Amino acid sequence: MATTSTSLCLACSGTVSPSSSGGGKAHVTECCNRYICSQCLSKKPRLASYNPCLACLGGVGVVTSAPEANKKALKVGNVQAEDVFAIGDESDGDDSMSMEGDGDDKDPGPSLDTPKADPPSPNQELEEASNKPTESSGPSSAEDNKSSADAVNETRLRASRNSEYWIKPGDTLVGIALKFGVDGRLLCKMNALPPSTLTVTPHLLHTRTTLVLPPTNRTPSPPPPDLQERLEQRAKERAAKRFQFVTKEVDHSIARAYVALADGNSDEDFSEGKKKVVQDSSASNDAQGLEGRAVDRYLEDEEWEAQQRAQGLLPKLQGFPFFNSHGSSASAASEKGHNKEGDLWVIIDAKVYDLSKFSRMHPGGLSVLLDEEVAGQDATEIFYSLHRQEVLLKPGYARLQVGVLQGEEPEIIPRALGAISKVPHAEPTWLTPGYYSPYFKESHKKLQVAMRKFVDEIVYPDGQLREADGKRVSQSVLDAMSAKEIHAMRLGPGKHLKGRVLFDGLVKPEEFDYFHELVITQELARVGVRGYGDGLLAGMVIGLPPVLNFGSEELKARIVPDIFAGKKFISLAISEAFAGSDVAGLKTTAVLTEDKKYWIVNGTKKWITNGHFSDYFTVGCRTEGGFTVLLIERGEGVETTPIKTSYSPAAGTAFITFDNVKVPVGNTLGPVDGGLIVMLANFNHERWVMCCSSARAQRLVVEESMKWCAQRKVFGKPLVSQAVIRAKLANMISRVESAQNWLEAVTYQMNNMSYKQQSSNLAGQIGFLKKYCTSTAQDTARDAVQVFGGRGITRTGMGRFIEHYHTTVTFDSLLGGAEDVLGDLGVRQAMRKMPSDARL
């Protein structure tokens, strides 16, 4: 700090000459070049030894140069009264805005029994001189003693209370600490401010409105005259900020308007757009109450707007001020407005959107919206070349719509929840109007309609969220599926459906067949998120059938109800790091105890779907005479660790270790050493389910590609006008239609064969079908990426489903058996039936 010809003493605030003061040489601090006069140094020589000085330390340990008789004996935190000094005198507090407040008297300190322990301020001295007799050391009357006791009590009360100081623009924490003679670090602690506020980050002080001060001998100034108004205004500002945080409302003026509406009782004030703050709020109208009432009103209005929008009751604009709805150019745009920053409207499919405030937060920047082909123009074509239709359906963006053009109707209508897509080849032929099928009956169609709506309303939203955050499927979704008995229906026809009400009675248990299961599986696959799809209890679909088919009645009665209710989870644990399709190479062992009551299981399993959150595991183990399947419950010795794969952790893919796990013999599934039969009986259904999902997922990619080719323009023409693009679409459509028709043919055979016949006749067929579905799926994914270009490898935006499909499509080719292994299985089964007399 630069020195001047005259300065103030750091200790006593007296004028100090740079050369000398009072016959002695003044001390200059090394840290900030401030002066300490010779009188202060003579009384407190240690003042010269501090480096940094006590002012730079925020007032810690600074001493007063006042006479010893006037020192306070009061403690302030851990700072003694003799160590406290305040620059200036009491007259300096005239411009302060502190006010007296209640505080806890945790350590009022000693020596408060006599008036001399806490000297009065100059104002108090004047009052005492005019209104009360002067204190003396001699005896006093009872009245004098009473007056003295009252003075002591008043002094004690004042000293035991904290004060609240209103921060002014030029304040610093160091200045406030020195002014009021308090420890700067104590101020930090009392006000939850970091100690750096005293030094390198003084601006943090101005994140507050007031500052709490510890007890001092200074009489707080009276509160400012507009204190109540300022407190109310402050509460409303806080409520407005919390309102924006809760509702995600980007416009602060709207937040203030709703808070004002919540604080008042007049709807007329709000309807006229007034943003004034109601001044007559009661003490009960605190920020939290204001926020709650404002949010409730906001949500009610938002729901009303959505209903009005759904009913087509939005206001009709009398034409755009500078836009001719019949297609003429906007030559007068610069004169009429709505095409510049702060006043920006656009038209998207006859709907008018006010982007004036949103433009500042547009992810693509303001310049895109100010383009002459966008600002004030019909930007429908440009919008749909950059954004998915679902963007306009989000509440935050839908609220930007201010009306529709008069005399025009929107041409782009979003598909209603539960409706059939009108895009060619987006649905299997049995769902396409004008086509017929010999397989699907009326009960299948009713189930499809109900399942489509259920998935769109309940499963799809949860799927998008859980795929992104990697969490397990929401329990609310599992409960909703359980209420419709969807968990039970996903395992196909069987005794486990007896006595259950399937989807509110749409299908009778005795009528349920594999085509009903196909409908359920394919509708669930439409969610379009692979990790979530497996997390949606895929482990149950492949892990529970061995329990139902080979478990004891006691075992089934104990675990099946909770699994079908979605309260407990099960997974199939066969694959290991040592053996995948080679079941005979498994190294997990199960050894009977001497009393033959328990199996002791040791080993590991890898890539187990749903394993991370499963309660039960259907485990294949090597036993003394072969291969045995056990149901192992999560408990001591069972540990699961998540595995990071190409798709979302929502699938719960896990590595499982079994360390001396005791398994009751009653948990054995099927014959001992005969587990291969148990697994083979399950493989056909598992692979068929994967074929159902794969075929439907391919169709979703075809639908996305068809839409994109129709709306995307290149070289001034639709993308579909390119012959190479049409060739790719032709291949994609051919593959998905052939896979679906083959799948339906195999499903028809399953409906008319017993379980034993399926194992004998369809193992090869299903193996071929899965190989075909998964290999063509990879071809379709590759073609779709080429159609979408860069968008096909981008996780968000137009090609997000394509990118996700291309990344995760290989899962189906590995789960349930690799393509080469299944192809070999089909050929070997076919060759076993080769007639011996067949010749060329």
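S482 counts as buried because its relative accessibility is 16%; buried means under 20% relative accessible area, exposed means over 50%, and partly exposed lies in between (1.4 Å probe, protein chains only). This is a predicted model, where local features need pLDDT of at least 70, side-chain atom pairs count only at pLDDT 80 or more, and totals for chains, interfaces and linings use all residues. Residues are numbered from 1 along each chain as its sequence is written, and side-chain values use heavy atoms, with hydrogens and water left out.

You can find S482 in helix α16 (residues 475-483). Helices (H or I, at least four residues) and strands (E, at least two) are DSSP runs, numbered from the N terminus.

Now look at A11, in the loop between β1 (7-8) and β2 (15-16). The C-alpha atoms of A11 and I36 are 6.3 Å apart, although 25 residues separate them along the chain.

| Residue | Relative accessibility | Class |
|---|---|---|
| S482 | 16% | buried |
| A11 | 4% | buried |

Next, the contacts, meaning heavy atoms within 4.5 Å. Leaving aside neighbours within four places in sequence, S482 touches H487, F564 and A565.
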